[in-house]
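Me: I would like to learn how to read a structure feature by feature. Can we take one and work through it?

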Amino acid sequence: MRRTLFLMLSMFAVGSLLYAAGAAEEPEPEPEIAEVVFMDENVQWTTISEYEADTGRSIDRFNEAPGLAEMVEAGELPPVEERMPDQPAVMRAPEEIGQYGGSFRRAWTGPADHWGLRHHLRETPVYLDLNGVAQPNLFKDFEVIGDGDAFIFHMREGLRWSDGELMTSADAAFWWELKLDETLYHPHRDEYLVGGEKPEITVIDEYTWRIDFPGPNPLFLDAVGLEGRADFVAPKHYLDQFHPNYVSEAELEQTLEERGYDDWQSLMDAEYQIVTNPDRPYHFAFRPVTDPSDSEYRWERNPYYWKVDEEGNQLPYVDYFVAEYVTESELILSLALGGEISQSRHLAIEDWAMLMEGQ
């Protein structure tokens, strides 16, 4: 992130100098560019216990968005204390504690542009901190055995999917079953293999599981922190209805006929998709509430999201994440300049000066 911002600012500065050198008259004043402020501390504490030990402060109660509080009052949701895991992650406020409400709006070019949403919405099992060291994210903790020959992952007890179902080691084992199945559309990736051989997954208990590789895999966690498809969990209670190991042949054939698929692999791939299937349970900060083919693909706050801020406010602050369907890059630039969207990966580097001037 630091390197990217530095390069972008450097390119803008060099371009301005070249322009000035080639012009016969003095150029117009360049637009002021806001100061770039970098965080010098990690963005989150893995658990409340870690936060309290590190800061000496405590989080004694949880708070929630007004809309969720209304749903609790109406009996449509359990209380926030029952929706959170035993040890939520605590996000650091870079400037100040936020306020609930509003929408984050971005542009995308439709379902084929799914990576544009993945980068914003996805929660990886681990993340790389400011020093490039893997830290727990979705999971509470992990252990490295030997030189990376094996890894043990400890899940957050009481963590729930967006439909309220518990997330357990069974969801991790099911994800690996899908990921290591070579007949599926997205087969295993190189970081999951050692010498071309697959690892073994062992469920230790309801919230603990282990992965053993045929040999050392010391860069495994680094790859997981960067790899966009490394979920490590899949909602087994939802997806197993599409898998021949969990339903009868007759049931699966009926489902294939009803859904219009020729084989279970194609059906599973469609149902698994984390961006284009609104029916799938999620563990992200938001969950979809409209169809991805709509003019606005709208995601609402996940009432079971497992992160809080330093005052115990359940995140996210924003009510909605909205992806506006736009096909013309010129229109995306116009929407950004008009303040109608906050972000799009389709804004180009050559638009940098114009965007800074219009910010």
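Reply: Start with two phenylalanines. F220 is buried, and so is F232. Keep in mind that this is a predicted model.

Me: How buried is F220, and what makes it count as buried?

Reply: The cut-off is under 20% relative accessible area. F220 has 0% relative accessibility, so it counts as buried.

Me: How do I describe the pair that F220 and F232 form?

Reply: A pair of aromatic rings is described by two values: the distance of the centres and the angle of the planes. Here F220 and F232 are stacked, with 5.9 Å from centre to centre and 20 degrees between the planes. The pair links distant parts of the chain. F220 belongs to helix 7 (residues 220–226), while F232 sits in the loop between helix 7 and helix 8 (236–239), twelve residues apart.

Me: How many aromatic pairs are there?

Reply: The count comes to 27 aromatic pairs. Take F213 and F220 as a second case: their ring centres are 4.9 Å apart and their planes stand at 65 degrees, so this pair is edge-to-face. F213 is buried too, at 8% relative accessible area.

Me: Which residues do ring pairs link into a cluster?

Reply: The cluster holds F139, F142, F151, F153, W175, W176, Y192, W209, F213, F220 and F232.

Me: Now strands. How do I read strand pairing?

Reply: Strands of a sheet pair through backbone hydrogen bonds, either parallel or antiparallel. Strand 6 (residues 141–145) and strand 7 run antiparallel, joined by five bridges. E143 stands opposite I152 in strand 7. The two strands form a hairpin with four residues between them. In that turn, G146 has a positive phi of about 65 degrees.

Me: Which other strand is joined to strand 7 by five bridges?

Reply: Strand 9 (residues 208–212), again antiparallel. There, I152 stands opposite R210.

Me: Why is strand 7 described as largely enclosed?

Reply: Strand 7 covers residues 150–154, and four of its five residues are buried, so the rest of the structure largely encloses it.

Me: What is the strand order in the open sheet of four strands?

Reply: The order is 3-13-11-10, and the pairing is mixed. Strand 3 (103–108) and strand 10 (286–288) stand at the edges. Each has a single partner strand, so one side of each is left without a neighbour in the sheet. Neighbouring strands of this sheet are turned by 25 degrees against each other on average, direction ignored.

Me: How does strand 10 pair with strand 11?

Reply: Three bridges join strand 10 to strand 11 (residues 296–301), and the two run antiparallel. R287 has E300 in strand 11 as its bridge partner.

Me: And a helix? How do I find its buried side?

Reply: An α-helix has 3.6 residues a turn, so residues three or four places apart point the same way. In helix 9 (residues 249–259), the buried residues are L252, T255 and L256. They cover an arc of only 100 degrees around the axis, which puts them on the same side of helix 9.

Me: What does the buried side of helix 9 pack against, and which exposed residues does the face turned away carry?

Reply: The buried residues pack against helix 10 (264–272). The face turned away carries the exposed residues A250, E257 and E258. Just after helix 9, G260 takes a positive phi of about 80 degrees.

Me: Let us end with a loop. Is S342 buried or exposed?

Reply: S342 counts as exposed, at 54% relative accessibility. Its loop runs between helix 11 (329–337) and helix 12 (352–357). S342 touches F104 and R105, leaving out residues up to four places away in sequence. S342 and R106 are 236 residues apart in sequence, yet 5.5 Å apart in space, C-alpha to C-alpha.

Me: What about the whole chain?

Reply: The protein chain has twelve helices and 13 strands. Buried residues make up 43% of its 359 residues. Among contacts between residues at least 6 apart in sequence, 63% join residues at least 24 apart.

How values were computed
Residues are numbered from 1 along each chain as its sequence is written. This is a predicted model: local features need pLDDT of at least 70, side-chain atom pairs count only at pLDDT 80 or more; totals for chains, interfaces and linings use all residues. Side-chain values use heavy atoms; hydrogens and water are left out. Two strands pair if DSSP finds at least two bridges between them. Axes are lines fitted to C-alpha atoms, for helices over the stretch in contact, and angles run from 0 to 180 degrees between N-to-C directions. Rings of Phe, Tyr and Trp (its six-membered ring) pair if their centres lie within 6.5 Å; planes under 30 degrees apart count as stacked, over 60 as edge-to-face and the rest as tilted. Buried means under 20% relative accessible area, exposed over 50%, partly exposed in between (1.4 Å probe, protein chains only). The arc is that of the directions from the helix axis to the C-beta atoms. Contact means heavy atoms within 4.5 Å.
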